[in-house]
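Please read the following briefing alongside the sequence and the coordinates.

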Amino acid sequence: PSLVITFPDPLMEMKVRKALNIPQGDITAGDAAKVTRLDIGNEWQPQIPPEVQVRDLAGIEHFISLRELHANFNAIGDISPLAGMARLRILRLNDSPIKDLSPLAGLTGLGSLFLGGCGIEDISALAGLTGLDCLELNNNYIADLTALSGMQKLDILKLADNPIKDYTPVEARYPQLREKDFELGQVFDVQ
């Protein structure tokens, strides 16, 4: 609990300090362990200035009780610090340049995952996240939906603006979806 956490990204540290109401001094693993919800995201705007975007999540691994992480509209490319965060239930990473989703593969407790506008092509790492009831993957470069075939709890699925040609993996779930932004057989022209 007395381990002092260092954040390589000064903006990440600033946002964590604000969220924890610790303006100065050490941030310890004990402080981090008490946090169940953390918002380091930005509000949407047409051009998000780089100086307000978190780039490195290092240090987040000490937030062992974290159930909700809001990190939308940042410049986070490497999500490997999230790999061991088994208590996460809600993860918002919309509009971050994430390419490798494999650190999320073991987060089987996730219920809601938001990855819209991340430039993602391969979602195979998400196949084991069968507890998801909400999955937003809109505005990416996803063509293969095979990874979604075992997600029987899905209630909300966003896939618009992806170059999807085959909806077979989600066709059986389609009638039960409470919220969706696509039609079966629809093909989007993603530039």
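Predicted model: local features only at pLDDT ≥ 70, side-chain atom pairs only at ≥ 80, totals over all residues.

Residues are numbered from 1 along each chain as its sequence is written, and side-chain values use heavy atoms, with hydrogens and water left out. The structure holds five salt bridges, a salt bridge being a side-chain nitrogen of Lys or Arg within 4 Å of a carboxyl oxygen of Asp or Glu. Helices (H or I, at least four residues) and strands (E, at least two) are DSSP runs, numbered from the N terminus. Buried means under 20% relative accessible area, exposed means over 50%, and partly exposed lies in between (1.4 Å probe, protein chains only).

**Salt bridges**

- Arg37 and Glu68 meet through their side chains in a salt bridge with an N to O distance of 3.2 Å. This pair links distant parts of the chain, with Arg37 in strand S1 (residues 37-39) and Glu68 in strand S2 (residues 68-70), 31 residues apart.
- Both partners count as partly exposed, since Arg37 has a relative accessible area of 44% and Glu68 has a relative accessibility of 22%.
- A salt bridge also joins the side chains of Glu136 and Lys158, at 3.9 Å from N to O. Because Glu136 lies in strand S5 (residues 134-136) and Lys158 in strand S6, the pair ties together parts that are 22 residues apart in sequence.
- Glu136 and Lys158 are both buried, and together with Glu179 these residues are linked in a network of salt bridges.
- Asp155 and Arg178 form a salt bridge between their side chains at 2.7 Å, N to O. Here too the pair links distant parts of the chain, 23 residues apart, with Asp155 in the loop between S5 and S6 and Arg178 in the loop between H3 and strand S7 (179-180).
- Asp155 is partly exposed, with a relative accessible area of 25%, whereas Arg178 is exposed, with a value of 57%.

**Negative charge on the surface**

- Asp78, Asp100, Glu121, Asp122, Asp144, Asp166 and Glu171 gather in a surface patch of negative charge; such patches are made of residues with over 30% relative accessible area and no salt bridge, like charges being joined within 9 Å.
- Asp166, one of these residues, is found in the loop between strand S6 (156-158) and helix H3 (168-171), and counts as partly exposed because its relative accessibility is 42%.

**Buried residues and their contacts**

- Asp9, in the segment before helix H1 (10-20), is buried yet has no salt bridge, and the nearest side chain of opposite charge, that of Arg55, is 5.9 Å away.
- Asn162 lies in the loop between S6 and H3 and counts as buried because its relative accessibility is 0%.
- The side chain of Asn162 reaches the backbone nitrogen of Tyr141 at 3.3 Å, and a polar atom of that side chain lies 3.0 Å from the backbone nitrogen of Ile142.
- Val170, placed in helix H3, counts as buried because its relative accessibility is 2%. Between Val170 and Gly30 there are 140 residues of sequence separation and 43 Å in space, C-alpha to C-alpha.

Technical notes:
Patch = residues over 30% accessible without salt bridge, like charges linked within 9 Å, V, L, I, M, F, W, Y side chains within 5 Å. Areas by Shrake-Rupley, 256 points an atom, 1.4 Å probe, with all protein chains shown as cover. Lys, Arg positive; Asp, Glu negative; His and termini not counted. Charge placed at Lys NZ, Arg CZ, Asp CG, Glu CD. Polar contact = N/O pair within 3.5 Å; in protein donor to acceptor, adjacent residues only side chain to side chain.
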